Amino acid sequence: MSFTNLGLSNPILKAIEEQGYTNPTPIQAQAIPIVLDKKDVLAGAQTGTGKTAGFTLPMLELLMQNKPDLKKYQIRSLVLTPTRELAAQVEESIETYGKYLPLKSTVIFGGVGINPQIAKIKKGVDIIVATPGRLLDIISQGFLDLSCIEMFVLDEADRMLDMGFVHDIKKILKLLPKTKQSLLFSATFSKEIKILADNLLDHPTLIEVARRNTSSEMVSQTVHFVDKGKKPELLSHIIGSNNWTQVLVFTRTKHIANKLTKKLEFDGIGAAAIHGNKSQGARTKALADFKDGSIRVLVATDIAARGIDIDQLPHVINFELPNVPEDYVHRIGRTGRAGNEGEALSLVCVDEHDLLKNIEKLIKKDIKVIALDGFDVDPSIKAEPIQNGRGGGQKRGGQSQRGRNPRGSGDNSSSQRNRNSNQRGRSRGDVSRGDARKQGNAGSARHR
Ligand code: AMP
């Protein structure tokens, strides 16, 4: 299968070729003809599958097929995303794939000045990629009219709902015309997503590509059991001794992200933190520095990292496991993208064995344990409950604390832990992970 027989015209094919893409990914091969056929689509696909091109390429093609006269503030296509980073990246893709087309696009999100965004709309744009809050703000000020939308895309719909955007989405849907083409992308399909899909989509065609939590063969996953206090040293050791140059590191909290960034810098490893307490400017700079290699490590919290798209990101390290097992899948989905191999390591201390068990249950496999010389675990250290801003160790319910702010992940230091060790030892399931620990200490390994 090549891009040439999908129904895309030459200016788009030329832009694709310049990107170095030779073949469409499965989601692209399925979605492009269906979208070109003007059908509504309900797609189960995560970031990393090539879904962005899956909707932007046919969108550009369709928009080129006619050119209606638009009144001031009217646009033709709207893409909604949960985070600013994802919005920026989707719009960048539209510009890249549409570079030989006379279509104009812009991106709208909060945290930066509204006036330059309004100024762009005033000049006339065909496509807007936006996060919901700022979009509604601009609409309420009378600077945007959605009544002529031809295509509407809801990207990462599950994350939108997780982040509390459901009311904003409903408001936006009411502003769209009845006749339009709608596409909904979601990694998971909860009851809420199905309700949303029923309201939005008209006889949609279902597209499902293999989910990362069932087909993460491209990502090699390993665990190092390590004492909590030794994690920073182990992290520097792994990155330094392997001379890794592009590593995305995840922490559960902003506080730990900051602390760890300082430690890495102290160890001579250029790093920056990306999380909700950072200004949009600082986040954009950190991402740009990471992409161009000025820094080797980006330390991120889950929400901030959502949507980060870096071509061929080779290494993801979970400095701390996430409380929500699905977040592990999203985290490791940052590597091994679009056919490239990737490596995901998790540094797991005794407190996190239950989290690991839940993750393994979700991905339906045991993650290989590797021991590293000099970092043996101290068996006398007992597990402590994990407490942080998102109700540590809980299931998805803890997510409500994210609120509707895309940057609102928890920020409590794990140093605030309850120190009742008797209860801890019993409730943390040490026995089963103890076996794994023994197995892990049996040998040592180096990373690629
Ligand atoms: P996405 O799932 O849209 O976030 O895309 C994941 C990554 O795959 C992005 O870095 C794209 O640049 C890349 N990509 C998208 N389509 C292709 C393709 N057909 N061949 C190779 N890489 C691709």
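At what angle do the axes of helix 10 and helix 11 cross? The axes of helix 10 (residues 231-241) and helix 11 (residues 254-266) cross at roughly 50° and come within 10 Å.

## Basis of the model

This is a predicted model, in which local features need pLDDT of at least 70 and side-chain atom pairs count only at pLDDT 80 or more, while totals for chains, interfaces and linings use all residues. Residues are numbered from 1 along each chain as its sequence is written, and side-chain values use heavy atoms, with hydrogens and water left out.

## Overall content

The protein chain holds 17 helices and 14 strands. Helices (H or I, at least four residues) and strands (E, at least two) are DSSP runs, numbered from the N terminus. Of the 448 residues in the protein chain, 57% are buried; buried means under 20% relative accessible area, exposed over 50%, and partly exposed in between, with a 1.4 Å probe and protein chains only.

Contact means heavy atoms within 4.5 Å. Among contacts between residues at least 6 apart in sequence, 78% join residues at least 24 apart.

Seven strands form an open sheet with parallel pairing, in the order 3-4-2-5-6-1-7. Strand 3 (105-108) and strand 7 (205-208) are at the edges with a single partner strand each, so one side of each has no neighbour in the sheet. On average, neighbouring strands of this sheet are turned by 15° against each other, direction ignored. Two strands pair if DSSP finds at least two bridges between them.

Strand 2 (residues 77-80) is joined to strand 4 (residues 127-130) in the parallel sense over four bridges, with Ala130 as the bridge partner of Leu80. Four bridges also join strand 2 to strand 5, again running parallel, and here Ser77 has Met151 as its bridge partner. Met151 also stands opposite Gln181 in strand 6; strand 5 (residues 151-154) and strand 6 (residues 181-186) pair in the parallel sense over four bridges.

In a regular strand the side chains alternate between the two faces of the sheet. In strand 2, Ser77 and Val79 point one way and Leu78 and Leu80 the other way, and all are buried.

Strand 8 (residues 219-225) and strand 13 (residues 342-348) pair in the parallel sense over seven bridges. Gln221 has Ala344 in strand 13 as its bridge partner.

Axes are lines fitted to C-alpha atoms, for helices over the stretch in contact, and angles run from 0 to 180 degrees between N-to-C directions.

## Helix 10 against helix 11

The crossing at roughly 50° makes helix 10 oblique to helix 11. Angles under 35 degrees count as roughly parallel, over 145 as roughly antiparallel, 65 to 115 as roughly perpendicular and the rest as oblique. Pro232, Glu233, Leu235, Ser236 and Ile239 of helix 10 make the contact with Leu260, Lys263 and Leu264 of helix 11.
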